[in-house]
Amino acid sequence: MKKTIIFLLMLSASVTYSQDWNTNFQLAKNEAINNNKTILLLFSGSDWCAPCIKLEKNIWQSAEFKKYAEDNCVIARADFPKKKQNQLPEELQSQNKKLAEKYNPEGVFPLVVLIDKTGKVLGKASYQNVSPSDYITMLNGFVK
């Protein structure tokens, strides 16, 4: 039974990963500049980090967050899967490692970094057991 539940959690994490998350940070940055939006950069461990999976399910998949993101920010994900079958291409691994060195040197998972279009960090957050509207309010608090 435990294996079935874990498998379903992992399956839902991989299926929902297809949300419109940018995996190319430079493209996300260009989109933010062109559309005058902030960048929400998520550091996740999609196949091993329980709080990452909860954040995905409770916040990122919510209709409220999807609408917020569409209107206000460019969402980008730097994923660090551990399972061999989920490994990312080497180029993407290298990019994510560089992003982590710059924006997440402490190695916090999940870590949400809100960045303005010039590259300035506006705020950082992690998993919180709150509603999507409360999470959005917290993100909006970073934008002065």
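Me: What makes K37 and I75 contacts of A69, leaving aside its neighbours within four places in sequence?
Reply: Contact means heavy atoms within 4.5 Å, and A69 meets that with K37 and I75 once neighbours within four places in sequence are set aside. Do keep in mind that this is a predicted model, where local features need pLDDT of at least 70, side-chain atom pairs count only at pLDDT 80 or more, and totals for chains, interfaces and linings use all residues. Residues are numbered from 1 along each chain as its sequence is written, and side-chain values use heavy atoms, with hydrogens and water left out.

Me: Why is A69 called buried?
Reply: Buried means under 20% relative accessible area, with exposed over 50% and partly exposed in between (1.4 Å probe, protein chains only). A69 has 6% relative accessibility, so A69 counts as buried.

Me: Where is A69 found?
Reply: A69 sits in helix 4, residues 63-72. Helices are DSSP runs of H or I with at least four residues, strands are runs of E with at least two, and both are numbered from the N terminus.

Me: What makes strand 1 and strand 3 a pair?
Reply: Two strands pair if DSSP finds at least two bridges between them. Strand 1 (residues 38-44) and strand 3 have five, in the antiparallel sense, and L41 stands opposite V113 there.

Me: How is strand 3 joined to strand 4?
Reply: Four bridges link strand 3 to strand 4 (residues 121-125), and the two run antiparallel. V113 faces K124 in strand 4.

Me: Which residues of strand 3 point one way, and which the other?
Reply: L111, V113 and I115 point one way, V112 and L114 the other, and all are buried. In a regular strand the side chains alternate between the two faces of the sheet.
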